[in-house]
Amino acid sequence: MMQFMLLFSRQGKLRLQKWYVAHPDKLKKKITRELITTILVRKPKMCSFLEWRDLKIVYKRYASLYFCCAIEQDDNELLTLEIVHRYVELLDKYFGSVCELDIIFNFEKAYFILDELLLGGEIQETSKKIVLKAIAAQDLLQEEETPQGFFDDHGLG
Amino acid sequence: MPAVRGDGMRGLAVFISDIRNCKSKEAEIKRINKELANIRSKFKGDKTLDGYQKKKYVCKLLFIFLLGHDIDFGHMEAVNLLSSNKYSEKQIGYLFISVLVNTNSELIKLIIQSIKNDLASRNPIHVNLALQCIANIGSREMAEAFGNDIPKLLVSGDTMDVVKQSAALCLLRLFRTSQEIIPGGEWTSRIIHLLNDQHMGVVTAATSLIDALVKKNPEEYKGCVSLAVSRLSRIVTASYTDLQDYTYYFVPAPWLSVKLLRLLQNYTPPAEDPGVRGRLNECLETILNKAQEPPKSKKVQHSNAKNAVLFEAISLIIHNDSEANLLVRACNQLGQFLSNRETNLRYLALESMCHLATSEFSHEAVKKHQEVVILSMKMEKDVSVRQRAVDLLYAMCDKSNAEEIVQEMLNYLETADYSIREEMVLKVAILAEKYATDYTWYVDVILNLIRIAGDYVSEEVWYRVIQIVINRDEVQGYAAKTVFEALQAPACHENMVKVGGYILGEFGNLIAGDQRSSPTVQFQLLHSKYHLCSPMTRALLLSTYVKFINLFPEIRTQVQEVFKQHSNLRSADAELQQRASEYLQLSIIASSDVLATVLEEMPAFPERESSILAVLKKKKPGRLPENEIKETKSPVVTNNHTNNEPQTISSTSSADLLGLSTPTQPSSSSNTGGGLLDVLGDVYGHKPSAPLTSTIQPNTSNFKKFVCKNNGVLFENDLIQIGVKSEFRQNLGRLGLFYGNKTNVPLQSFVPNLLWSEEQSSKLIIQMKPVEPVLEAGAQRQQTINAECIDDYTDTPSIGLSFLYNNMPQKITFKLPLTLNKFFEPTDMNAESFFARWKNLGSTNQQRSQKIFKASGAMDLQAAKPKIIGFGMQLLEDIDPNPDNFVCAGIIHMRSQQVGCLLRLEPNKTAQMYRLTVRSSKESVSVEICNLLADQF
């Protein structure tokens, strides 16, 4: 099972974190910091897999973003790379050639999409069509609920 | 600002922009604090917020949290959002909770209520939201609250597919939190049959669940094997167009394939049904065949997905370890990957080949790739890949290639990365020892290790070379000569000085005939290093010097000079000062006979598993190093979970239990004159290794009777019988444990470990002689245990015995008959002095302990008598006016003191009760003796 997934930028800024095991916040921060530094110093042609504590780290860089997953000994590294890729494809499809900014400004959407793909650290639905359909259905529900607050809110928050 | 999708929250977007525009960390914090204050006031304010506003603020808090700031409010508002009837508000509420709420939050009850409502919703999107939340948090309370509903959702005919998928994974999460939630019985078959579901997504999710269930209860879920094989067979024979959206870059259902292959690794090859077995082999062959086909796409996604399935298939082939043909094909396939362009594939191929090297079918096939692997170790750009190559070389090493592989590893070590040096040193040391046919080669290798990577040579490694040299006469002269030469180097590593010092001290005489290494030369050579060394090494050298006085009387004065110099304030280190003065006195006072006896050559060390192996195992608990060829698993029906999960202990503790722990600070024994001389003898085992895990069940019932007797069968099951004989004198005890193998196969990795806390060990010192790691079929082996009572203690030490029976890890824990009463010396006295002492000792409460308890069985006073005598005290008859009462007296011997102890046991037949009173000069003794004896009646 996947224990967590982190998305961070080339500058080391964490953009998204999803934890499938419960850790105290302090430990999460420590792990995040450690992995970001470890991965950022690695060169492009290096292997995408790392041994880290008793877990396996699988990471891949897409443009300015690093996707990093921690999986258990039993899990398949190559397919984890493809989970990441499928996630990127989904984001791309949804946002229309996704960039880091989309994820920053719509982080909640990024989470919702991830929840459809992976649940409890295991792959839930690998079909791109089905996931996109589910997200579209969510959006539809949202739109039906007229955004009453939309007009009152002009950045005064 | 990029476009915001859905019903974007403008306020949130503005806030995020603001943060991004902050020029400095300070500015960002200022902006965040302003926002936090604003949100706080809104939440506290009199105006009720509408759902949209709540959602927006909760979302802002979430964003702030994700930036790395702590959030200590807003949870309640988030929980409120859960009960909103607007989906988007609900969704944000759930998101906040899954990211920010800990499983033990007080809010969990409220959350559970909201989830309940959503689970009951007719809208599957709402149901899924609730399921996702459970799967994200998965607390124990949730397991209790939803343990009934979710299995129903999973197997019910009218549940929609998307909900089924979430329910399967949700159940998996809850099962991981509390294993008892899975219903058995008819549910089992219904869950297994999800493997036949039409919807691939459902099957994929269900397979993850079933995999976890199988690990817990392989027998019950055995039916899944044939279904999994059929499903797999349908996938691998499908063309990529058949599975539509479940085909990923021309690979049919890679996720499901991998999951099914993984699931099958929980079982041994299905033997009872040759049809299933044949079908499975066909699948595996097909997968291997497909690997040879030209790629259908140049995209890396295609190759990754295809190879992910291939590697998983190879894992299964290795796991089954029964089809020679498949194993060799797998090996050839991996061999091709070793020179693939993709670093990832090379890495995985090296890793997977490590496992192949341990199968007798493919070990030879792996060896064919030795050259490429050596090249990988030297040439790979990425250290993690080089590390894998080292692992593989280690795994493929055997008698035939050991010299070459060890030499290559030594060569590489000169330039190896710091991060892998220590592990490499251990590996080289292990291989050199294991495959040495000629121990001069072994000595050369270890000295080379010290020369090349001295800093990474741990104590265990240099202790080990000394043990081996001491145990093997034929290599001693060579070792002395070689260390002598090595020490000639102007800058040699301190570890070299240690080994050299020790070996010359023992065997310097063997090379003293040669003028170039005469006693004086040896001594001067060693002493020239003295000032460059740490106190610990200096201490060792001083011991070497005193041994020199014995070996070479002609240099006595020279050595004594050095002792004189260091026996005073010039040696700031007290240990060194003391050693120097004691050795000096010894050399002055003792006659040459006495000297020869005191400084006699060290006795041989008991043969034992290399302690280095244990260190290596400890270093990599997740990935046990392997250099063992497994025996073939014959394809018999085993109802058992395979070799990967020891039944009673967690894998990490097993690594520890295997370890023969080394005291971290060996020089701590510095208060005894022998100091470092003892170090080598003490390396092992008197520190208890791992803490007892709760699952280990000490076999107490049988143990009870050993409080009152010294010999008998301590433990017995179908595999093994453990007997004990013991004798005690004063504060010393000696136990002989007899391990009898009742089976007709050898018990491997046979390791008894002492379980006795450090604190307790200071009160009762236990020394165990090690035993051979293999207990042959039908054989019996004795292990001697020495005990010394220092101070009074409670309870008694246990032995955690682990071994492999047919490759199945076994674990037995039993207590040693070493309770405090064993150190009793019976004392006779007359009535007068008994009562005088009794009265005396009873004056303060601290000294007595009393228990009144119900008889556990019939009150047979005749039977009680031998028990009391066996307890170790003197039974004083005709002293108590009541003939039914027992009174006893004894002295407990401890190193620190002797404690006199009186006891009176008063049976009350009518009430079927006993009253037991113990009086002694030490309260803790009274209490423990009282507890021990009370337990007997």
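Two residues are in contact when they have heavy atoms within 4.5 Å. By this rule, the contact between the two chains takes 90 residues from chain B and 71 residues from chain A. The structure is a predicted model, in which local features need pLDDT of at least 70 and side-chain atom pairs count only at pLDDT 80 or more, while totals for chains, interfaces and linings use all residues. Residues are numbered from 1 along each chain as its sequence is written, chains are lettered from A in the order in which they are written, and side-chain values use heavy atoms, with hydrogens and water left out.

Chain B and chain A bury about 7000 Å² between them, 55% of it on carbon and sulfur atoms; buried area is the accessible area (1.4 Å probe) that two parts lose on being put together, summed over both. Seven salt bridges are found across this interface, a salt bridge being a side-chain nitrogen of Lys or Arg within 4 Å of a carboxyl oxygen of Asp or Glu. A:Lys29 forms a salt bridge with B:Asp70, with the closest N and O atoms 3.5 Å apart. On the side of chain B that touches chain A, the largest share, nine residues, comes from helix 3 (residues 51–66) of chain B. Helices (H or I, at least four residues) and strands (E, at least two) are DSSP runs, numbered from the N terminus.

Over all chains, the structure holds 53 salt bridges. A:Glu100 and A:Arg15 form a salt bridge whose closest N and O atoms are 2.8 Å apart. A:Glu100 lies in helix 3 (residues 100–105) of chain A and A:Arg15 in strand 2 (residues 14–19) of chain A, so the pair ties together parts that are 85 residues apart in sequence.

Attention now turns to a pocket. On a 1 Å grid over the protein atoms alone, a pocket is an open set of points where a 1.4 Å probe fits, with protein on both sides within 12 Å along at least five of seven lines; lining residues have an atom within 4 Å of a point. The second largest pocket is lined by 31 residues, with B:Val300 and B:Arg341 among those nearest its centre. Helix 16 of chain B gives the most to this lining, with six residues.
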